[in-house]
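Colleague: I have just opened this structure and would like to learn how to read it. Could you take me through some features, one at a time?

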Amino acid sequence: MADTEPGSTEPRSTEPGNTEPRSTEPEAADGEDGPPGPPASDDESGTGGAGGNRDAEGEAEATRRTRRRTRIRRTAIAVLLVLLVPLLTAETALRVNYMGDPADGTYTRNRDAMWLGHAWVDGRKDDADLAAFARRVKATGIRDLYVHTGPMEHDGTLPKSLYPKARWLVDAVHRELPGVRVQAFLGDVLATESPDGMRLEKPATRAAVVDSARQVLDVGYDGVHLDLEPLHSGDGDYLSLLDDVRAVTRGRDAQLSVAAHQIDPLPGFHSFWGTVAGHPKWWSQEFFGQVARRVDQIAVMSYDTMQPLESLYGGYVAQQTSLALEVTPPTTHLLMGLPFYHENRFGHWNHAETVAAAVRGVRLGLSRTDADRERFGVAAYIDFAATEQDWASYRDGWVR
């Protein structure tokens with residue numbers, strides 16, 4: 001993303017010509033050269049009179065400006081190519097990653113999950129709502145429900161007033177959907193990219209989160225599901241928190257599950273993106289593995305990927321599935337997120353991030369990396385935004 005400079009508009013000199021007295025020498029005959037005239041003044045030499053040097057200087061300056069603009073344009077093009085070539089290469093790789101056929105048998109293991117909104121525990125939902133939901137879920141592989149029960153306060157505490165109908169929900173699900181677990185979805189914003197939020201570096205805050213976990217297990221929940229964002233890769237305080245919470249859940253024979261960030265699509269990409277955008281977004285594959293070893297279930301939030309096409313999104317999910325499988329121990333239950341919601345913004349294009357593309361991507365990644373993995377499933381986000389098409393794509397592509 002050639003200028004031409006206008007020529008000099010300075011008027012020619014209007015000074016009178018040479019006024020010296022005429023020579024007394026005889027005039028030259030026709031065909032003969034006359035005597036040499038007086039030397040030209042410095043500002044008139046060879047350029048056609050007064051202002052001639054200024055014209056030359058103007059043309060030289062125009063040339064310098066043109067060359068400078070050319071250098072700037074070439075530099076800009078080079079920078080653009082440096083950025084675009086790797087991007088186009090990566091996008092091409094994602095498109096290729098979406099090609100091929102999933103292996104036979106890469107369908108639900110009846111270990112799927114779904115995130116549910118806060119309305120299920122604050123009094124807005126009733127028995128009729130649960131009965132309708134149960135009818136829909138019974139024909140699927142969903143066995144875990146992550147029910148929004150927070151958010152926690154920034155100090156890690158959880159007001160009991162937020163979930164007055166939690167006991168009703170747990171009992172009703174156990175009655176209507178035997179074998180389905182209900183986990184308390186506890187989240188908060190971390191103060192990693194702004195001055196406000198939860199600070200995991202404070203021991204008192206981590207201790208309060210552990211107490212909040214005990215609190216929801218006392219209500220009857222089958223597990224604790226943590227979703228703390230934005231959580232930067234390598235956060236040792238988070239790992240310490242997971243160790244402490246898991247000690248509590250194990251003592252109660254309950255589940256500890258987490259919502260996990262996506263894994264670096266290229267090595268070290270979270271560092272690059274953090275520098276460019278101030279939001280690292282991804283985790284290193286190593287850190288993902290460290291988290292996975294500390295929990296019973298890890299659900300990848302494999303949406304909000306910035307991918308503009310369905311094929312690229314599906315290829316991205318296939319890649320994420322493979323990366324996660326490589327570092328998740330077989331004893332940990334790995335789930336890949338499905339976008340049961342619909343938005344159009346830079347990070348999430350509704351026409352691209354479809355359930356159908358995500359399911360196909362999951363199956364491709366599973367096929368190529370660990371087709372027989374037993375503790376594996378998908379997790380749908382979120383119930384109140386789901387459409388009939390979302391449910392149909394999940395059933396037709398994954399449940400069969």
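Modeller: Gladly! Let us begin with a pair of helices: H2 and H3 are oblique to each other. Keep in mind that this is a predicted model.

Colleague: How does one describe two packed helices in general?

Modeller: Two things are given for a packed pair: the angle between the axes and the distance between them. Here the axes of H2 and H3 cross at roughly 40° and come within 11 Å. The crossing is right-handed.

Colleague: Which residues of H2 and H3 meet?

Modeller: From H2 come Asp-127, Leu-130 and Ala-134, and they meet Trp-168, Leu-169, Ala-172, Val-173, Arg-175 and Glu-176 of H3. Sorted by class, six residues of this contact are nonpolar and three are charged, with no polar ones.

Colleague: What span should the 15 residues of helix H9 have?

Modeller: At 1.5 Å a residue, H9 (residues 355–369) should span 21 Å, and its end C-alpha atoms are 21 Å apart, which agrees. Among the buried residues of H9 are Val-355, Val-359, Val-362 and Leu-366.

Colleague: Let us stay with Leu-366. What is its relative accessible area?

Modeller: The value for Leu-366 is 0%, and buried means under 20%, so Leu-366 counts as buried. Leaving aside neighbours within four places in sequence, Leu-366 is in contact with residues including Thr-106, Arg-109, Thr-321, Leu-325, Phe-376 and Trp-398.

Colleague: Is His-118 buried or exposed?

Modeller: His-118 is buried, with a relative accessible area of 17%. You will find His-118 in the loop between strand S1 (112–116) and helix H2 (127–137). Not counting residues up to four places away in sequence, His-118 touches Arg-124, His-148, Thr-149, Gly-150 and Leu-162.

Colleague: Now the backbone. What do most peptide bonds and phi angles look like?

Modeller: Most peptide bonds are trans, and most residues other than glycine have a negative phi. Against that background, look at the bond from Gly-150 to Pro-151, which is cis with omega near 5°. Pro-151 lies in the loop between strand S2 (142–148) and helix H3 (166–176). The bond from Glu-229 to Pro-230 is also cis, with omega near -10°, and Pro-230 sits in the loop between strand S4 (223–229) and helix H5 (236–251).

Colleague: And where is Met-306 found?

Modeller: Met-306 is in the loop between strand S6 (297–300) and H8. Its phi is positive, about 70°, although Met-306 is not a glycine. Arg-400 has a positive phi too, near 60°. Arg-400 is found in the segment after helix H10 (388–399) and is exposed, with a relative accessible area of 61%.

Conventions
Residues are numbered from 1 along each chain as its sequence is written. This is a predicted model: local features need pLDDT of at least 70, side-chain atom pairs count only at pLDDT 80 or more; totals for chains, interfaces and linings use all residues. Side-chain values use heavy atoms; hydrogens and water are left out. Helices (H or I, at least four residues) and strands (E, at least two) are DSSP runs, numbered from the N terminus. The expected span of a helix is 1.5 Å times one less than its number of residues. Buried means under 20% relative accessible area, exposed over 50%, partly exposed in between (1.4 Å probe, protein chains only). Contact means heavy atoms within 4.5 Å. Axes are lines fitted to C-alpha atoms, for helices over the stretch in contact, and angles run from 0 to 180 degrees between N-to-C directions. Angles under 35 degrees count as roughly parallel, over 145 as roughly antiparallel, 65 to 115 as roughly perpendicular and the rest as oblique. A crossing is left-handed if the near helix is turned anticlockwise from the far one by less than a right angle, and right-handed if clockwise. Ala, Val, Leu, Ile, Met, Phe, Trp, Tyr, Cys and Pro count as nonpolar, Asp, Glu, Lys and Arg as charged, and the others, Gly among them, as polar.
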